[in-house]
Amino acid sequence: MAQTSLRNKVWEFAQSLGKTFMFPVSLMAFMGLLLGVGSSITSPSTIDNFPFLGGEYTQLIFNLVATVGSFGFTYLPIMFAIGIPMGLSEKNKGVAAYSGFVGYMAMNIGINFYLSSTNQLAAPENIKLAGQAMVMGIQTLSMGVLGGIVSGIVTYFIHSRFYNLKLHDAFSFFSGLRSVPIITALTLSLIGLAMPLFWHYVAMGITAVGNVIISAGSFGAFLYGVAINLLKPLGLHHIMLAMVRFTPAGGTELVNGETISGALNIFFAQLKAGEQISPAATAFLSQGFMPTFIFGLPAAALAMYMAATPGNRTKIKSLIISGVLVSIVTGISEPIEFLFLFVAPVLYLFHVFMTGAALFVVAMCGVTIGNTDGSALDLLIFGIMQGWQTKWYLIIPIGLVWSAIYFCVFYWYIKKYDIKTPGRDVMEDTLIQKHDPVVILDALGGKENIVSLDNCVTRLRLVVHDMNKLQENVLKQAGALSVVKIDEHSVQVIIGAQVQTVKDNLDALL
């Protein structure tokens, strides 16, 4: 039982860690849109084609937009250092976030002290060649996002262990929450002293992984797409996404005289510098998901609608339409995927293959559209607005082919094997209001059954005392797309884009 408990804790921690990555990543998605719009309007080719955009004030405004959009990429490691303890902690999230910043800075100060004491600080002109960087005025190792992740995880464990620390009356001022940033600073400064001794080997390992992925070319993009979708039902895909987007696992290139690692970092650095966009970087970004998110999944949703019993189509119309809009506009695919994942695993495996194939085909065609989401907004801002050189127009014929394949395969398989996708079973008329928090809480077994409650982009993440108290049918009648039981105590309730509102309402009841 001890082994099972440890396994469950590791599993839950990995899921929760992946969820915390969405704090900086969601900000990057929006900042990326600002950078994309700003760089597009201020580019010489745009001004040549649309001279009215070349006015002084117009260019000043959009230069500001691009500058604001680029700030997040400069301070991304700090955002991970703050976001991870804030997201993982169940109590006193503000203290956890504050301590995350303190710990990150203390770690870099420790690294700086070691490098200085051992005469390893590189001269300013050689700082990049020596694998060093400036972080808020501190010369330290160039660790990128991984440094923020290490700092954030350590801070979370310190916060969990010491937030209620009790000291002798003589030192009581430093008890409780005040002890967390103090202990964090001391601990991470010591970790910083040790970091230069082994970081080189960590960097070499990650770079080797990146070289393997990049050397595989378009096939590497295929494997990446397959892996992302296989991990998605478990909620672990955010970890792989972050590693490829922000670390050497996603490649390393020289941009404007600076070494940049991570596919998304490379893309935005090249976009900001006005350099030619690297197909090797964008192969792992939004372009490869567009045939699936904008065309394939909406076609699958249409197939499920057409395969439904005619009398039930009206009842599922809003469910289908909302899923399609979320997929196309935001690039969030779970609301459609969870309509068929558990009732037709074969269709999900087909979807996994088609997603990987989309990344492969788009990369083979030399398309260069970046950012994070694979949505219609990305296609507009990072494809169409950046000019013909992105080859954005190839997404349309590829997408139409994907749309036809998805519709035909889904409709045929559902009808042939009588798959119980939405609308193909007896549907009771119900008076349950969609996303009613009282009904959802009762269907989860009530207050006393909830150990912990959290959420990510589309799903509630819960730990419960007794899994048998869950009423899956009632949860689905209340708007849940699916219920995923991870183990005997961990469960995920797939809600969709409204999950934050549902979670907040449940918090109020709890």
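So, Phe407: it comes out at 26% relative accessibility, so it counts as partly exposed. For the cut-offs, buried is under 20% relative accessible area, exposed is over 50%, and partly exposed is in between, with a 1.4 Å probe and protein chains only. Bear in mind that this is a predicted model, where local features need pLDDT of at least 70, side-chain atom pairs count only at pLDDT 80 or more, and totals for chains, interfaces and linings use all residues. Numbering runs from 1 along each chain as its sequence is written, and side-chain values use heavy atoms, with hydrogens and water left out.

Okay, who does Phe407 pair with? Rings of Phe, Tyr and Trp (its six-membered ring) pair if their centres lie within 6.5 Å; planes under 30 degrees apart are stacked, over 60 edge-to-face, and the rest tilted. That rule gives 23 aromatic pairs. One of them is Tyr406 with Phe410: centres 5.9 Å apart, planes at 15°, so stacked. Phe407 and Tyr411 are stacked too, because their centres are 5.8 Å apart and their planes sit at 10°. Phe407 and Tyr411 are four residues apart in helix 18, about one turn. Helices here are DSSP runs (H or I, at least four residues), numbered from the N terminus. An α-helix has 3.6 residues a turn, so residues three or four places apart point the same way.

Now, burial. Tyr406 and Phe410 are both buried, while Tyr411 is partly exposed at 31%. Ring pairs also link Tyr406 and Phe410 into a cluster with Phe340, Tyr348 and Phe350.

Key. Helices (H or I, at least four residues) and strands (E, at least two) are DSSP runs, numbered from the N terminus.
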